[in-house]
Amino acid sequence: MPVKTYREAINEALHQAMAEDSSVIVLGEEVSGGAGCDGSRDAYGGVMGVTKGLLPTYGDSRVIDTPITESAIIGAAAGAAQTGLRPVAELMFMDFFGVCFDQIYNQAAKFHYMFGGKAKCPMVIRCTTGAGWRAGAQHSQNLTQMVTMVPGLKVVCPTNAYDAKGLMLQAIQDDDCVIFVEDKILYDTSCEVPDEMYTVPFGEAKYYREGKDLTIVAISNPMHKVLAVADRLEAEGITCDVIDPRTTSPLDEEAILESVEMTGRLVVVDEMTPRCGIASDISSIVAEKAFGSLRAPIKKVTAAHSPVPFAPNLEDAWIPQEADIEAAVRQVLEYAS
Amino acid sequence: MSLDTQEITKPKASTAGMSKQQFLKAYRTMRTIRDFEAKISEQFMKGNIPGFLHLYSGQEAVAAGLCLLLEDDDYVISTHRGHGHCIAKGGDVGGMMKEIMAKQGGLCDGKGGSMHIADFDKGMLGANAIVGGGPPIIVGAALSAKTLGTDRVGVAFGGDGSSNQGTTFEAMNLAVVLKLPAIFLFENNGYGEGTHASYAVGSKDIASRAQGFGMPAYKVDGTDLFAVYEVCKQVVEHCRQGKGPVTIEANVPRFKGHFEGDPQAYRGDGEIERLMKDEDCLVIARKAAIKNKLASAKELDAIDEEIASYINEVTEAALAAPAPGDEELLTNVYSSAY
Ligand SMILES: Cc1ncc(C[n+]2csc(CCOP(=O)(O)OP(=O)(O)O)c2C)c(N)n1
Ligand SMILES: [Mg+2]
């Protein structure tokens, strides 16, 4: 099977969805780039290069470079979704959600319910997220928790190229507003990705590893640190269930609960601020629904309760690292009730 | 003042009545910005600067011309392209270098970096990594000035791209409604990242929009320090007298990429070379000053030399400075007990 990067996998999904369905459009800032310029069009193909090549294939009526105007991008996508198109809107950095959050959580998310099921909003909002680029407080945040808490939104956070393609194709054919969270650290990671179209269903967790001593749940790029820790532990004879929910909304509670019922120990990892986060949410679900199975307190490993700092040493201290994950895991394993 | 957009491409007098002392100050500012950025570009390539850098190179006359008319307690707010605004407003250049290198002694203690460069002692309310983030905030600064009865003004620097953002429109309208001493200074460098203003600015021209909001607007050739100064003199005066907000659109070249490392495939053949040859505000100002006997080539060369060695000095100091202590991670999240 061909090996593709996370970036290529999403790009391929967009190409295939656009080829198959003429109602799929892509819009956002620099999704091709070079509009109105003397040099080449498709100069960026998205700031992360994910939408490269769409403009030459599908033209500027379906691949739309917009001015810098997030509220209008999302509002227009929502309006177009209500009236027959399937827009894939790009918001570049997830940090920019703030500019247009009304259009996301008061508008797109609520059409279907508020209008008694008469309206649909089949749109995807793509964004990039995550710390580690020394990009500072306004270009590094993972705000997945802010969208996960909104009823009506579906939230996808792929951790590998295979899932990224399948989840994107699922997102485009889904009839609800889907927030598609791409972790900037993952764009150049690769794995085997089939050429043909396929979907990965929402609300179905992936088991990266299966084991019996401990359950580790991780969201987005911290998953790869978790895997490194799990592999080290395996060398010591300790085996873990490593679970990637893949979508935080819907959330595959069953997979997590089933695993914890067997292992009795849980560590949850995300790269968000700790209060009211995804790790807290998953912890509370387990505490509520699998209390009887727990043999140790649940441990969360998250970022720090501060904006993302610029200085590399501070940013590294902010980000949950392998060592933090390993320490948490050992603490939970060593807890004797 | 009429609400007509006034186009000022050349100052009425070729040096706009600028004194020698003022010119030398502005020239020094422009040269400092140019050299500072050349140095950080070099240090970025060497791996000594983390994160993103958006350079102001080519636009120096705008910040320098405007800031000649401002005091330390006037306010400016900037964009992601903020080094020039900070230096022109009197920002601490050594503290900037340390900040950009994420070192102790940086203006934001290493927590901000290039995209959040700020110097509150000098009324520089910060670079801003959210396009359109600044204009509403400067409306607040102008509101403080009006409410507190000072004759201070607030200037929101913005790009052509930022002129399309809803937050910018809202801020402009509110400033008119409240008749605030706010200046919206759009530096039209032709590009928002790799999208041309001729495509993204529907009205083609930013100044005429301001008229629609009910405030006077000027267009000025931003490569001409003297023209910028002449316009800003009128505009700052208008604001200090409590006559409400004004917009200025300054046309400028952008010599570098959107960010350092930008491949710039969207540029035309030979475009950058042509801009650097014909539209370099430092060259233009220097020529005009010498011709009008505001300064001699020798005097200006001496300034150039002095600034070059000053920039080397602050660079060495920043390179030698330690990184912030890890314990700084959780300081300053709140300003009072938590
Ligand atoms: C809200 C928001 N949207 C998009 C971006 C990404 N971005 C950063 S700078 C920029 C272009 C800004 O263009 P302009 O206002 O003309 O300023 P210039 O870069 O030319 O100085 C864009 C799109 C951002 N930082 N914030
Ligand atoms: Mg611009």
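Buried residues, meaning those under 20% relative accessible area with a 1.4 Å probe and protein chains only as cover, make up 59% of the 338 residues in chain B. This is a predicted model, where local features need pLDDT of at least 70, side-chain atom pairs count only at pLDDT 80 or more, and totals for chains, interfaces and linings use all residues. Residues are numbered from 1 along each chain as its sequence is written, chains are lettered from A and ligands numbered from 1 in the order written, and side-chain values use heavy atoms, with hydrogens and water left out.

**Chain B overall**
- You'll find 12 helices and eight strands in chain B; these are DSSP runs numbered from the N terminus, with helices being H or I of at least four residues and strands E of at least two.
- The radius of gyration of chain B, taken over C-alpha atoms, is 19 Å, close to the 20 Å from the globule rule (2.2 Å times the number of residues to the power 0.38), so chain B is as compact as a globular protein of that length.
- Along the principal axes, the C-alpha atoms of chain B fill a box of roughly 55 × 55 × 40 Å.
- Take the contacts (heavy atoms within 4.5 Å) in chain B between residues at least 6 apart in sequence: 76% of them join residues at least 24 apart.

**The magnesium site**
- Three protein donors hold positions 2.0 to 2.2 Å from the magnesium ion (ligand 2): Asp160(B) through OD, Asn189(B) through OD1 and Tyr191(B) through O.
- Donors here are N, O and S atoms within 2.8 Å of the metal (3.2 Å for Na, K and Ca), and water is not among the atoms, so sites may look incomplete.
- Asp160(B) sits in the loop between β3 (154–159) and α6 (166–177), and Tyr191(B) in strand β5 (residues 191–192), so the pair ties together parts 31 residues apart in sequence.
- Asp160(B) is buried at 1% relative accessibility, and Tyr191(B) is buried at 7%.

**Helix α5**
- Helix α5(B) (residues 134–148) has 15 residues and reaches 21 Å from first C-alpha to last, close to the 21 Å expected, which is 1.5 Å times one less than the number of residues.
- Its buried residues are Gly134(B), Pro135(B), Ile138(B), Val139(B), Ala141(B), Ala142(B) and Ala145(B).
- Seen down the axis of α5(B), they fall within an arc of 165 degrees (directions from the axis to the C-beta atoms), so they line one face of the helix.
- The buried residues of α5(B) pack against β2 (75–77), β3, α6 and β4 (182–188) of chain B.
- Thr147(B) and Leu148(B), on the face turned away, are exposed, meaning over 50% relative accessible area.
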